[in-house]
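Visitor: I would like to learn how to read the features of a structure. Please take me through them, with the general idea before each case.

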Amino acid sequence: MEYHCPPESFSDAFVVECWVWDVNAKSPAVQLPPCRRAVYFHIDPVLQSEGTAGVRGTKGFIHGEHYWEVKFLEPPYGTSVMVGAGTRNAHLHLGNYTFINMLGMDSESWGLSHKGIAWHGGHSRQYTEPFYEKATIIGVDLNLYDGTMTFYKNGRNLGVAFTGLNKVGVPLYPIVSSTTAETELQLGIRSCRLMSLQEQCLYTVDEHLIDKVHIDTLPLPAYIRGQLKEFSKKCL
């Protein structure tokens, strides 16, 4: 069963996002199909898994509220399969048979493992019950207005997992990781909520820009072009 149910707060100024997994920001043990919505981990039939692999989304967030879902196409097992977010400095690959909870191993990322454990800064806590079922859908609500990250399981709010994310100061990217051979994950709904009319307008223009280098050539007042350049920098 599919769960397309973003948080109730998204009813106002809700917009669909179209980011995918980044072919240039992934572990060599990660494979992406042409659509880049699905991700396959450790699929080499000979090597199997030799460590922990991750992949980052193509879009980072520094403002707004963002919600996305990740579906487990196969039952998760092994040391760690994780969903979360991190900065550009977050680890995406650990080899030499290093099997760990990579998201949250340091201050650059925040993650939830399939064992129900939330990780950040090398510290962990039991956040929810483990989930081992095929087709489990984990939703991530990254609210950069109040600085929280909340997870959903099959549409059910699991409560706030992390706080203080609005103080990080750099874009945060969706990330998934796995230690387990033949892990298969699929991106579902991706959406965001922008509270102010100004943010909504800047977002709409930014999404339709083919080449952001040429913002200064747009037929807009200089002040608006300046605002748009600042907004675009935050959406790298």
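Visitor: In the hairpin of β13 and β14, which residue takes a positive phi?

Guide: Some terms come before the case. Strands (E, at least two residues) and helices (H or I, at least four) are DSSP runs, numbered from the N terminus, and two strands pair if DSSP finds at least two bridges between them. The model is a predicted one, in which local features need pLDDT of at least 70 and side-chain atom pairs count only at pLDDT 80 or more, while totals for chains, interfaces and linings use all residues. Residues are numbered from 1 along each chain as its sequence is written, and side-chain values use heavy atoms, with hydrogens and water left out. In this hairpin, with two residues between the strands, N154 has a positive phi near 50 degrees. Strands β13 (residues 148-153) and β14 (residues 156-162) run antiparallel and are joined by four bridges. K153 stands opposite R156 in β14.

Visitor: Where does R36 lie, and is R36 buried or exposed, or partly exposed?

Guide: Buried means under 20% relative accessible area, exposed means over 50%, and partly exposed is in between, with a 1.4 Å probe and protein chains only. R36 belongs to the loop between β3 (30-31) and β4 (38-41), and its relative accessibility of 27% makes it partly exposed. Although R36 is not a glycine, its phi is positive, about 60 degrees. Y97 also takes a positive phi without being a glycine, with a value near 60 degrees. Y97 sits in the loop between β8 (93-94) and β9 (109-113), and at 53% relative accessibility Y97 counts as exposed.

Visitor: What are the totals of helices and strands, and how much of the protein is buried?

Guide: The protein has two helices and 16 strands. Of its 236 residues, 50% count as buried. Contact means heavy atoms within 4.5 Å. Among contacts between residues at least 6 apart in sequence, 66% join residues at least 24 apart.

Visitor: How many residues of strand β6 are buried, and which strands are joined to β6?

Guide: Strand β6 (residues 65-72) is mostly covered, with eight of its eight residues buried. E65, Y67, E69 and K71 point one way, H66, W68, V70 and F72 the other way, and all are buried. Seven bridges join β6 to β16 in the antiparallel sense, and Y67 has S191 as its bridge partner in β16. Another seven bridges join β6 to strand β12 (residues 137-143), also antiparallel, where E69 stands opposite G139.

Visitor: Which residues does G188 contact beyond its sequence neighbours?

Guide: G188 is in strand β16 (residues 183-193) and is buried, at a relative accessible area of 14%. Leaving aside neighbours within four places in sequence, G188 contacts R37 and E69. Its C-alpha atom is separated by 8.9 Å from that of G139, 49 residues apart along the chain.

Visitor: Which strands are joined to β5?

Guide: Strand β5 (residues 52-57) is mostly covered, with six of its six residues buried. Two antiparallel bridges link strand β2 (residues 21-26) to β5, and K26 has V55 as its bridge partner.

Visitor: Which members of the largest nonpolar core touch the most other members?

Guide: In soluble globular proteins, nonpolar side chains tend to be buried together. A nonpolar core is a set of buried Ala, Val, Leu, Ile, Met, Phe, Trp, Tyr and Cys residues joined through side-chain atoms within 4.5 Å. In the largest one, of 35 residues, V39, M149, F151 and V176 touch the most other members. Apart from it lies another core of seven residues, including A25, A90, L92 and L103. Beyond its neighbours within four places in sequence, V39 has contacts that include W21, V55, V176 and L185.
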